[in-house]
Amino acid sequence: MTLEVILFYAFALLAIGSALLVVSLKNLARALFLFFIVLFAMAGLYLFALADFVAITQILIYVGGVLILMIFAFMLSNKELLADLQNTSKQFLSLPNWQAAVLAIGFLAAISYGIYEWQDFTPDWITTNLRNGQVIKPTDNTINEIGYKFITQYVLAFEVISIFLLMVLIGAAHISRREEQA
Amino acid sequence: MYELFIHILIPIAIFSFIALFTLFAVYAERKIAGFVQDRLGPMETGKYGSLQTIADILKLLQKEFITPTVADKILFAAAPVVIFSAVFIGFAVMPWAPDFLPANLNTGLFFIMAVISIDAIGILMAGWGSNNKFSLLGSIRAIAQMVSYEIPIGLSLISVVMLTQTMNLNEIVFQQGVLASDPIFFFGFWDVTQIGGLFSWYIFQAPHLIIVYIIFFVATLAECNRAPFDIPEAESELIGGFHTEYGGIRFAFIFLAEYAMMFLVSMLGVILFLGGWNTPLPNIGSFALADWTTGLYWGIFWTISKALFIVGVQMWIRWTLPRFRADQLMNLCWKVLIPIAFVCMAISGVWRIIVMV
């Protein structure tokens, strides 16, 4: 086993193990901080798919932004609400354990079947590119390619996202602004 | 096997550098504080108090682990590790000399931005885990400050990246000296590719980057939670902020992280704006000072001395300026730094298209 394989399995084990802990822990604060490890391990797995840009973006946005927002939301919510959340077994929305297990196994079966089918019928463009050697290498500078694609092929989507983000910014500024005194 | 050995050796080397730097930086900080406040600083231990910080660290190492009874034990113990490793990982992509860096990533600059944001999680962990009102208030202040000030930092980095066209820190430094592959113009008109030195640094390649550097410097000062932006650990209001409950080696690690962060951001500023490992001495005719003072050992020397100079400026500012109030801090960030950074970013785009071609 090379170092890369060991690292891959370590990240995968970390992601699965801490994700299981996140959903099973009774202590919500610890679960939220554990979620940080899940996201981090996911970023590590993205690296193995040679998606270094996605991996770093994952850490920057999810760990630096979303997770902190979640922790703040947790800190600002009141104690009764949290207590309710922790005893949800009697509520109508919650699933009994055996149903959840059936659902999880069903999803696992669907995914495994998909992977099994995929191996037999690989799309043509993948096989031709593999034969011509048109594959991404770990040393390739993918970030420049992403930049070019953003302002050529995917320019519409990129601009729509930027306008959406601008709307969010303006909305946030409007909500947080102090009402002017009459 | 040899590669594995290198992979282990480099982090140890960087860690020992950080530890040594912290020891002497704390001593320097006290001496600078003494100078600014017209007193002597530490004088008792060793000649001129030079052994003071070594005595301090020996004391910290011997101390008992004290965890408050109602604290969240796991979070409390994990927080210093997260805080320190966040800063420590950042050193992985820092170039010290030509082609002499732990990891030559194409996404180096972006990586550092991401890694620095992990620091905030560690501080929140420390504040929540301590189960102390002062710690929690301190950590919430720290997060509010760090999340806000990441925006001017990001914008100032974008201004530079628009000119460099790469996020690889190694290549960014190569573009600022005699080893550059592309022609360099001082202020956009004087070809200094062969002259190098001070004139080819990025702040002089495009004059608006001087303003960008000031924004970057102020924002990183806030990111390090240093005075005048030290409201997260304001001693007069919050006792010690998020590290109120910490003692012994755990406190030592938080302290180490703070000083490592100071060095990291100073070094990042040096790499992006002040030429990194490039020499400040230009080639003057047959006196090829720039060619003579470029190389592996010279590179390490210039990087460290420039970064230490910036750290010195940070300390000088800390002991000179009073602390900002929370609302003044936010006003400075959102109403002053961010608009100016946006204007500079626009100038960068125009400069790249019209002047640098």
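These legends walk through several close-up views of a predicted two-chain model, chains A and B.

In this predicted model, local features need pLDDT of at least 70 and side-chain atom pairs count only at pLDDT 80 or more, while totals for chains, interfaces and linings use all residues. Residues are numbered from 1 along each chain as its sequence is written, and chains are lettered from A, with ligands numbered from 1, in the order in which they are written.

View 1. The unreviewed UniProt entry places "transmembrane region" at residues 6-27, 74-97, 109-130, 142-163, 199-222, 251-275, 295-317 and 329-354 of chain B. UniProt positions follow the numbering used here, feature names are shortened, and annotations may be inferred rather than shown by experiment. Take two of these spans: residues 6-27 of chain B are 100% helix and 0% strand, with end C-alpha atoms 32 Å apart. Residues 329-354 of chain B are likewise 100% helix and 0% strand, and their end C-alpha atoms lie 36 Å apart. Helices (H or I, at least four residues) and strands (E, at least two) are DSSP runs, numbered from the N terminus.

View 2. For chain A, the unreviewed UniProt entry gives "transmembrane region" at residues 6-25, 32-49, 55-76, 97-116 and 154-175. Residues 32-49 of chain A are 94% helix and 0% strand, and 26 Å separates the end C-alpha atoms. Residues 154-175 of chain A are 95% helix and 0% strand, with end C-alpha atoms 32 Å apart.

**View 3. Helix H3 (residues 73-90) against helix H10 (residues 248-273) in chain B.** The two axes come within 9 Å and cross at roughly 25° (axes are lines fitted to C-alpha atoms, for helices over the stretch in contact, and angles run from 0 to 180 degrees between N-to-C directions). H3(B) is therefore roughly parallel to H10(B) (angles under 35 degrees count as roughly parallel, over 145 as roughly antiparallel, 65 to 115 as roughly perpendicular and the rest as oblique). The crossing of H3(B) and H10(B) is left-handed (the near helix is turned anticlockwise from the far one by less than a right angle; clockwise is right-handed). From H3(B), residues including Phe84(B) and Phe88(B) meet H10(B) residues, among them Arg250(B) and Leu264(B); contact requires C-beta atoms, placed from the backbone, within 7 Å. This contact has twelve nonpolar, one polar and one charged residues (Ala, Val, Leu, Ile, Met, Phe, Trp, Tyr, Cys and Pro count as nonpolar, Asp, Glu, Lys and Arg as charged, and the others, Gly among them, as polar).

**View 4. Helix H1 against helix H12 (residues 296-320) in chain B.** Here the axes are 9 Å apart, at an angle of about 45°, which means that H1(B) is oblique to H12(B). The crossing of H1(B) and H12(B) is right-handed. Among the residues in contact are Glu29(B) of H1(B) and Trp316(B) and Trp319(B) of H12(B).

**View 5. A look around Thr22(B) in helix H1 (residues 2-36) of chain B.** Thr22(B) is buried because 21 other C-beta atoms lie within 10 Å (buried takes 20 or more, exposed 12 or fewer, partly exposed in between, with C-beta atoms placed from the backbone). Leaving out residues up to four places away in sequence, Thr22(B) touches Leu256(B) and Tyr259(B).

**View 6. Where chains A and B meet.** Chain A brings 16 residues to the contact and chain B brings 19 residues. H3(A) gives the most to chain A's side, with ten residues.
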